Amino acid sequence: MDRQEVGAAPRRRGLWLNWVIVIYTAVALAALFAITNLIISDHNIRWDLTPNKRYSLSELTSACWTASSSRSR
Amino acid sequence: MAETAATLGAAAAREETVNVAAARLGFSFGRMFAVMRKELRSYFAFPLVYIISGIFLMLSGWYAYTDLKFFTTISFSKDIIQNYWQMLLTDIRLGLLMTIPFITMRQFAEERKLGTVELLYTYPLRDSEILGGKFLASTIIFVMMLALTLLYPAFIYSIHSYALFPLFAGYLGLLLLGCSFIAAGLFISSLCESQVIAGIATIVFLFSLWIVNWNEAAFESNTLDVLRMLSLFDQFNPFAKGVIETAALSYFIFFITFFLFLTMRSMEARKWTGRR
């Protein structure tokens, strides 16, 4: 048998397998990051650094919001 | 004579053994910093980095002036300074979009074109050390560019004092956004042979991440939520307002890690694809 043929067949299969592994790990990592980010978004912590807390609800509004949401449940 | 040749041969063999042993060791920050220094030297040896920094500073200076003019002549509100920072930081990110791809484009693509990448791979260095060095070098260039824009807030502070914390949040956002651009740019550069194609492809990719949710009416609310999550620029908005959110922080960190991981895989692919 020709030497080149013997060497070529496993290399082709190896190349295909390597691409599958790379794509699989990339997709798996992206999915892991997306899920982790979703979880972090659900438990989001905000630090409003503006001097008058422009982007934060006042204590009274927060209390009303919590009360109304618990009543709706 | 023969004795000298034997001594030299032994020394060369010893050096080779040391190099192989170094490569077998774990990740070394020393070697990574050596790559970083080499990259910085090559950056500053050519005029490209000076031209790119000049263009970026010209753009950001223009934005700083026109935004200030807008707020002092047209818009009057209680939080004029806060609104000004929000608008300026949002404009500076466009400057970053146009300039950072030109910093990262040469990292792998030019080395591959010149053939120096083979030389780099033959050094006793891990791929992670090469990548870390290149990423750090690009980040240092970017931080130097960004640090020069601090002159505008300093100038305004000398006229009228204001709260510095919202500005700190904004610059933290710009830093994370710039590092994300660098990570994406490095990955695209590692795929390309030509640095011009790498630069243009990076701009197109980052631009697509910006415009992905422009037409909000065209999508269902669930789809829109996913697109908002993908949009790199939407994640920057809380920082521009002076708010730090853990969700946005984690998004940027994951984005950078993901693209550095892809670049590592792209570098490793040379071992089994046979390309340089």
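A residue is called buried if 20 or more other C-beta atoms lie within 10 Å of its own, exposed if 12 or fewer do, and partly exposed in between, with C-beta atoms placed from the backbone. This is a predicted model, in which local features need pLDDT of at least 70 and side-chain atom pairs count only at pLDDT 80 or more, while totals for chains, interfaces and linings use all residues. Residues are numbered from 1 along each chain as its sequence is written, and chains are lettered from A and ligands numbered from 1 in the order in which they are written.

**View 1. The two chains and their secondary structure.** Of the 73 residues in chain A, 4% are buried, and the chain comes to two helices and one strand, arranged along the sequence in the pattern α-β-α. Helices (H or I, at least four residues) and strands (E, at least two) are DSSP runs numbered from the N terminus. Chain B has 14 helices and one strand, and buried residues make up 37% of its 276 residues. Among the contacts in chain B with a separation of 6 or more, 78% join residues 24 or more positions apart, a contact being two residues whose C-beta atoms, placed from the backbone, lie within 7 Å.

**View 2. The contact between chain A and chain B.** Chain A contributes 21 residues and chain B contributes 23 residues to this contact. On the side of chain A that touches chain B, α1 (3-42) and β1 (46-48) each supply at least two residues, and α1(A) gives the most, with 11 residues. That side of chain A divides into 12 nonpolar, six polar and three charged residues, where Ala, Val, Leu, Ile, Met, Phe, Trp, Tyr, Cys and Pro count as nonpolar, Asp, Glu, Lys and Arg as charged, and the others, Gly among them, as polar.

**View 3. The strand pair between the chains.** β1(A) pairs in the antiparallel sense with strand β1 (residues 243-245) of chain B, over three bridges; strands are taken to pair if DSSP finds at least two bridges between them. Asp48(A) stands opposite Val243(B) in β1(B). Trp47(A), which lies in strand β1 of chain A, touches Val243(B) and Ile244(B), not counting residues up to four places away in sequence. Trp47(A) is partly exposed, with 13 other C-beta atoms within 10 Å.

**View 4. Helices α9 and α13 of chain B.** Helix α9 (residues 165-191) and helix α13 (residues 246-268) of chain B pack at an angle of about 15°, with their axes 9 Å apart; axes are lines fitted to C-alpha atoms, for helices over the stretch in contact, and angles run from 0 to 180 degrees between N-to-C directions. That makes α9(B) roughly parallel to α13(B), since angles under 35 degrees count as roughly parallel, over 145 as roughly antiparallel, 65 to 115 as roughly perpendicular and the rest as oblique. Their crossing is left-handed, meaning that the near helix is turned anticlockwise from the far one by less than a right angle, whereas clockwise would be right-handed. By class, the contact of α9(B) with α13(B) has 14 nonpolar, four polar and no charged residues.

**View 5. Helices α4 and α9 of chain B.** Helix α4 (residues 80-104) of chain B packs on α9(B) at an angle of about 20°, with their axes 9 Å apart, and the two are therefore roughly parallel to each other. The crossing of α4(B) and α9(B) is right-handed.
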